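Subject: Structure for you to look at

Hello,

Here is the structure I said I would pass on. Please open it first, then read the notes below it.

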Amino acid sequence: MNGEQQAVIIVLAVAATLLTRAIPFIIFPEGKERPQTVLYLGRVLPAAVFGFLVVFCLKDTDFTAGAYGVPEMLSAAVTAAVHVLLRNMMVSIASGSLLYIVLVNFVTG
Amino acid sequence: MSETERDNSLPSGRSQEKASQGGNAGRSALAAFPVTLPVMAGYLFLGISYGIYCHSLGLSWFYPIVIAACVYAGSAEFVLANFLMGGFHPLSVFIMIFVINARHLFYGLSMLEKFAGLGWKRLYLIFGMTDETFSINYAIEPPRGADRGWFMFFITLYNHFYWVAGAGLGWVIGDMLTGQIKGVSFVMTALFVVIFMEQWLKDANHIPACLGIALTVICVLLFGRENFVIPSMAAICLLLLVLRPVLRNTGKKAGGSKRAEERR
């Protein structure tokens with residue numbers, strides 16, 4: 001991708017983000033009824049999108065060769081477990097990432 | 001919503017605000033700072049992670065700073081940086097960033113009244129409405145003597161600054177680290193695992209979360225690593241709508257949700 005294409009991508013990302021934040025103020029002036037479908041998606045969509053994002057992050061993992069995806073799966077599982085136990089975002093991210101870095105640098109190489 | 005809040009959003013509150021704007025801005029700026037301290041810790045940490053991540057992808061220093069300042073949406077920025085290193089897929093990027101950030105639609109719905117009548121500040125408040133900034137602006141009332149509009153404005157501004165500063169700092173740290181270390185980019189995976197688990201612990205029904213994972217895995221297998229984004233998003237939205245009769249009463253856990261909300 002060249003510099004101009006990157007600029008286009010960044011501008012699109014800004015526009016998409018801004019839209020999600022501004023749309024309610026544009027289409028629902030105060031007091032206007034909000035459709036049930038919108039409210040329903042608001043409840044169920046986040047969990048599904050976060051699931052999508054986890055898979056998106058792991059999409060380049062090679063399960064057929066090398067370390068067979070073990071460092072990725074193990075580190076993700078540890079991140080999740082630490083988070084369930086301590087419920088501290090920073091500790092969870094740091095422990096999972098450090099484990100992964102140790103695994104790919106010193107163990108599976 | 002309390003009576004006093006409602007008063008503020010009426011035209012009479014507007015003229016009152018105008019009259020006392022000058023003096024209240026400084027007081028509001030001071031009052032807003034302590035409220036943002038937990039966010040400072042979180043944003044510096046995540047911002048630094050983001051800067052390190054950008055560096056690990058080979059992006060130069062101005063990318064994390066410009067993206068942090070202009071996009072200002074944590075998780076979407078990681079995805080965006082990832083996309084910048086791949087092929088030119090503008091539609092995929094737009095749809096994906098929109099869907100990742102779609103939760104902001106619901107923050108906006110909750111802030112319709114609170115942002116009413118704030119003039120130009122409203123534009124910045126809408127632009128800067130991240131998860132954390134929304135939570136604070138939604139939940140915390142300005143102390144006596146502070147102006148509601150300025151109070152929210154400064155909360156948003158401080159948080160914005162922490163995020164951009166963290167991203168810049170992270171790139172510098174990444175510059176000192178990488179070359180010697182592999183796997184630093186796993187911070188993005190860890191971030192999304194944490195966000196996923198946080199949502200999981202809040203939800204009473206896990207069908208949407210499982211659907212998100214299952215449908216995306218299926219789409220990666222069917223369409224390949226380059227082309228699964230749009231099919232996954234479409235499949236997720238479609239199936240959630242189809243399953244509406246089953247999932248209609250899906251909500252947050254009765255007890256745990258409030259506390260979880262506060263912790264963030």
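**Where the two chains meet**

Across the interface of chain A and chain B there are 17 residue pairs in polar contact, with both residues at pLDDT 80 or more. A polar contact is a pair of N or O atoms within 3.5 Å; within protein, one must be able to donate a hydrogen and the other to accept it, and residues adjacent in sequence count only if both atoms are side-chain atoms.

On the chain A side, α1 (3-27), α2 (36-57), α3 (70-86) and α4 (89-107) each supply at least two of the residues that touch chain B. Helices here are DSSP runs of H or I with at least four residues, strands are runs of E with at least two, and both are numbered from the N terminus. The helix that gives the most to this side is α2(A), with 22 residues. By type, the side of chain A that touches chain B divides into 45 nonpolar, 17 polar and eight charged residues. Ala, Val, Leu, Ile, Met, Phe, Trp, Tyr, Cys and Pro count as nonpolar, Asp, Glu, Lys and Arg as charged, and the others, Gly among them, as polar.

A note on conventions: this is a predicted model, in which local features need pLDDT of at least 70 and side-chain atom pairs count only at pLDDT 80 or more, while totals for chains, interfaces and linings use all residues. Residues are numbered from 1 along each chain as its sequence is written, chains are lettered from A and ligands numbered from 1 in the order in which they are written, and side-chain values use heavy atoms, with hydrogens and water left out.

The contact (heavy atoms within 4.5 Å) involves 70 residues from chain A and 92 residues from chain B. Together the chains bury about 7400 Å², and 77% of that is on carbon and sulfur atoms. Buried area is the accessible area (1.4 Å probe) that two parts lose on being put together, summed over both. In chain A, the residues that lose the most area to chain B are A:Arg21, A:Phe25 and A:Arg87, together 12% of what that side buries.

**The chains one by one**

Chain A has four helices and zero strands. Of its 109 residues, 45% count as buried, where buried means under 20% relative accessible area, exposed over 50%, and partly exposed in between (1.4 Å probe, protein chains only). Among contacts in chain A between residues at least 6 apart in sequence, 34% join residues at least 24 apart.

Chain B has 15 helices and zero strands. Buried residues make up 51% of its 264 residues. For contacts in chain B with a separation of 6 or more, residues 24 or more positions apart account for 77%.

**Salt bridges**

Side chains of opposite charge can pair when their charged atoms come close. The structure holds four salt bridges over all chains, each being a side-chain nitrogen of Lys or Arg within 4 Å of a carboxyl oxygen of Asp or Glu.

How many of them cross the interface of chain A and chain B? The rule finds one there. A:Arg87 pairs with B:Glu198, the closest N and O atoms being 3.1 Å apart. The pair runs from the loop between α3 and α4 of chain A to helix α11 (residues 186-202) of chain B. A:Arg87 is partly exposed at 22% relative accessibility, whereas B:Glu198 is buried at 10%.

Within chain B, B:Arg103 forms a salt bridge with B:Asp131, with the closest N and O atoms 2.7 Å apart. B:Arg103 lies in helix α7 (residues 103-111) and B:Asp131 in helix α9 (residues 131-139), so the pair ties together parts that are 28 residues apart in sequence. B:Arg103 is buried, with a relative accessible area of 12%, and B:Asp131 is buried, with 13%.

B:Lys114 forms a salt bridge with B:Glu141, the closest N and O atoms being 3.5 Å apart. B:Lys114 is buried at 10% relative accessible area, and B:Glu141 is partly exposed at 39%.

**Two backbone angles**

Most residues other than glycine have a negative phi. A:Arg87 has a positive phi, near 55 degrees. B:Tyr72 also has a positive phi, of about 50 degrees. B:Tyr72 lies in the loop between α4 (62-70) and α5 (74-84) of chain B and is buried, with a relative accessible area of 1%.

Regards
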